[in-house]
Amino acid sequence: MAGKRIRILVAKPGLDGHDRGAKVVSFALRDAGMEVIYTGLHQTVDKIVQAAIEEDVDVIGLSVMSGAHLPICEKLIKKMRDRDMDDVLVVVGGVIPKKDVPKLRSLGVRGVFPGGTPFDTAVNFIRENVKR
Amino acid sequence: MGVAKYVKDKKGVITDVEYQSGIHVKPLYTPEDLKRVGFDYDRDLGDSGDFPFTRGIHPLGYRSRAWTTRQYTGFGTPEETNERFKLMIGHGQTGLNVAFDLPTQMGYDSDHELAEGEVGRVGMAVDTLRDFEIAFKDIQLDRIGSGLTINAIASVMLAMYQAVGEKYGYAREHISATPQNDILKEIIGRGAWIFPVEPSVHLIADTIEYSMKELPRCNPVSVCGYHIRESGATPAQEIGYAFQIANAYIDSVVRRGYSASDFVGRFSFNFNVMGNLWEQVAKFRAARKLWAINLKERYGVTEKKDLFLRGLFGGGGSGLTKEQPENNIIRGAYYGLAAALGGAQTTALCSYDEAYTIPTPHAALLSLRTLEIIMEEVGLRDTVDPLAGSYFIESITKEMETKIRERMDEIDRLGGMVNAVSSGFVQKEVAGQAYEYERGIQQGVYTKVGVNKFTEGETREVELHEYDPVSAERKIADLRKLKAERSSSEVLSSLRELEGAARNRTNVMPFLVNCCKAYVTIGEITDVFRQVYGEFTEPGIF
């Protein structure tokens with residue numbers, strides 16, 4: 001892991017404006033030595049993919065509290081495939097019922113971190129799974 | 001969440017207690033402490049009903065009038081919302097508090113592509129006046145007041161409330177609505193903003209100016225420290241920032257040539273009751289005093305009633321946990337107690353199941369009963385401000401006052417709240433505080449029962465409110481039908497007049513009422529504002 005710092009795009013898709021979790025996690029990732037780019041609120045999947053390309057990130061971290069994590073992730077992963085972004089790690093946090101975790105994994109979301117996940121768990125997962 | 005930091009020695013004896021606002025608590029308080037903080041009965045407290053109102057705004061407190069309970073309600077369709085309203089009124093609730101779905105809060109119609117999957121999900125979907133006609137059917141709008149939990153387009157909802165009142169035969173002088181209408185706190189904490197800061201504040205000034213003249217029983221603004229606290233702020237930040245937000249709105253109307261005394265008596269606040277019991281009580285007592293002093297010193301307000309801190313002090317949702325959720329019933333009772341000891345005039349509690357689902361009717365009723373038990377059984381109506389004179393409470397009330405003033409001074413130095421929010425300063429402070437707290441929970445610095453101490457068993461699974469695509473489709477079909485039936489010439493002319501008023505910066509309220517009466521949709525109205533005002537971009541905080 002020598003050299004370049006991990007770059008992560010933290011994104012809030014949809015109309016929901018509850019961004020306490022996204023901001024708190026952004027602080028934790030930054031303190032863990034990563035470069036965090038926060039999209040701000042009310043993002044569409046297209047805008048998120050575009051920002052990820054422009055910022056040349058290693059990771060996209062979505063924060064979803066609205067319950068729409070499955071359709072949003074499905075759309076995101078599809079758009080990422082279309083743009084040959086298979087090397088970008090996708091992780092999701094927020095209000096995620098346990099029963100949805102396997103579904104998210106099968107879509108291609110590698111890490112799922114429901115509210116209350118210790119910072120270290122998410123940080124270590126990202127460090128171990130970013131492709132370099 | 002929102003507990004204090006406890007430092008212990010090797011034997012487990014607590015050697016320091018630090019509240020979130022930065023107050024260190026001593027093991028023992030004596031008359032010496034009152035001397036230390038310079039406590040003076042007349043200057044710091046006064047009797048209840050007397051300036052500076054630390055002990056309460058009514059001389060007899062809850063003896064003359066128990067608090068008003070106003071649980072947050074609003075479900076999917078206007079029909080369901082109407083049913084729930086009637087249920088809560090039947091159970092003794094004296095005011096309504098309406099929740100709107102996200103598309104409505106963001107100014108999109110139910111058939112907009114961004115509304116997909118969100119119609120009716122977290123509250124009532126409103127497209128036109130027709131929805132209000134259904135939701136408020138058979139509700140006595142001259143007797144029951146309504147809180148409208150919406151901000152970016154609160155002006156539109158207030159206009160619609162007037163329109164529905166008039167439709168049902170209630171004169172606009174007799175209806176009482178309290179739109180939340182606090183855009184600065186949305187930008188700080190809750191995220192349902194649309195337009196840039198300056199025109200957003202301008203719209204709020206329009207509602208205040210209009211209410212002053214046309215809607216005398218409406219409270220045009222409810223400034224929400226509540227959500228700022230939910231976003232992570234300390235109690236001192238919650239109050240200090242809320243007061244500076246209120247000052248920004250006052251300034252925007254004063255610039256139009258009015259005196260603060262003309263309108264400030266209708267301002268109300270929404271504060272959070274969550275965290276350490278004593279810190280909460282001190283917070284509310286200090287807040288009443290500081291608000292009165294703020295109005296007197298900054299704006300020369302002298303009329304006693306105009307100096308009252310009026311508002312809802314409600315139990316905070318972020319204090320509840322999805323772990324061992326029944327514990328939230330007990331937490332709710334203590335939050336209710338803190339609100340009563342703090343002298344709340346209006347109150348509400350988040351329901352115990354709210355950490356993992358949208359409250360069931362049973363849970364919402366339990367919250368109401370909790371508040372009724374506090375008022376009717378426990379003894380909170382016996383005497384006014386029962387903790388007054390306590391060496392401890394009076395000491396920390398004074399210290400809380402200092403902490404709040406420090407936060408207010410900081411905003412003054414930045415040139416006021418409009419600047420402090422535009423630059424991202426407040427957002428950064430609050431997010432930083434949320435991070436500090438979360439780290440504290442993970443490291444065990446703060447204790448949360450069932451979360452990082454006394455944990456057991458499985459965590460309660462979150463239940464997402466099943467989205468009902470059928471009812472969303474029906475909503476969209478109704479909207480299309482209504483659009484086909486309404487007079488398109490009235491729609492076009494009222495929208496054209498609205499656009500003219502928005503461009504000329506004439507007060508838009510009468511034009512909004514006309515739009516609502518012509519069944520113009522929320523989306524059509526908001527699109528006019530989007531064109532004229534533009535949209536907000538968030539300042540970076542990382």
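Predicted model: local features only at pLDDT ≥ 70, side-chain atom pairs only at ≥ 80, totals over all residues.
1. Let's begin with chain A. Its 132 residues are arranged with five helices and five strands.

2. How does the overall size of chain A look? The C-alpha trace spans about 35 × 35 × 25 Å along its principal axes. A compact globule of 132 residues would have a radius of gyration near 14 Å, and chain A has 13 Å, so the two agree. Buried residues account for 50% of chain A. Of the contacts in chain A between residues at least 6 apart in sequence, 72% link residues at least 24 apart.

3. Next, the place where the two chains meet. Here 24 residues of chain A are in contact with 22 residues of chain B. On the chain A side, the elements giving two or more residues are helix H1 (20-31) and strand S2 (35-38). H1(A) supplies the largest share, seven residues. Sorted by class, this side of chain A has 13 nonpolar, five polar and six charged residues.

4. Chain B is divided into two domains, and each is made of two stretches of sequence: domain 1 is 5-66 + 221-443, and domain 2 is 68-179 + 460-542. The C-alpha centres of domain 1 and domain 2 of chain B are 30 Å apart. Their contact takes 25 residues from domain 1 and 18 residues from domain 2.

5. Which elements of domain 1 of chain B give two or more residues to the side that touches domain 2? They are strand S11 (346-348), helix H13 (361-378) and helix H16 (425-443) of chain B. H13(B) gives the most, with six residues. By class, this side of domain 1 has 11 nonpolar, 11 polar and three charged residues.

6. Strand S1 (residues 5-8) and strand S2 (residues 14-18) of chain B pair in the antiparallel sense over four bridges. One pairing to look for is Tyr6(B), whose bridge partner in S2(B) is Val17(B). Five residues lie between S1(B) and S2(B) in this hairpin, and Gly12(B) in the turn has a positive phi of about 90°.

7. Some backbone details deserve a second look. Most residues other than glycine have a negative phi, and most peptide bonds are trans. Against that background, the peptide bond joining Phe51(B) and Pro52(B) is cis, with omega about 0°. Pro52(B) sits in the loop between helix H2 (41-45) and strand S4 (68-69) of chain B.

8. Phe53(B) is found in the loop between H2 and S4 of chain B. Although Phe53(B) is not a glycine, its phi is positive, about 70°. Is Phe53(B) buried or exposed? With 25 other C-beta atoms within 10 Å, Phe53(B) is buried, since the cut-off for buried is 20 or more.

9. Gln324(B) is another residue with a positive phi, about 40°, although it is not a glycine. Gln324(B) belongs to the loop between strand S10 (311-315) and helix H12 (327-341) of chain B. It has 16 C-beta neighbours inside 10 Å and therefore counts as partly exposed.

10. Finally, Arg310(B) is in the loop between H11 and S10 of chain B. Because it has 18 C-beta neighbours inside 10 Å, Arg310(B) counts as partly exposed. Which residues is Arg310(B) in contact with, leaving aside its neighbours within four places in sequence? Those contacts are with Ser268(B) and Gln345(B). The C-alpha atoms of Arg310(B) and Gly265(B) are separated by 8.7 Å, with the two residues 45 apart along the chain.

Definitions and conventions:
Residues numbered from 1 in each chain as written. Chains lettered and ligands numbered in written order. Contact = placed C-beta atoms within 7 Å. Nonpolar A, V, L, I, M, F, W, Y, C, P; charged D, E, K, R; others polar. Domains from an automatic or database assignment. Pairing = 2+ DSSP bridges. Rg over C-alpha atoms; globule rule 2.2 N^0.38 Å. Buried ≥ 20, exposed ≤ 12 C-beta atoms within 10 Å, placed from the backbone.
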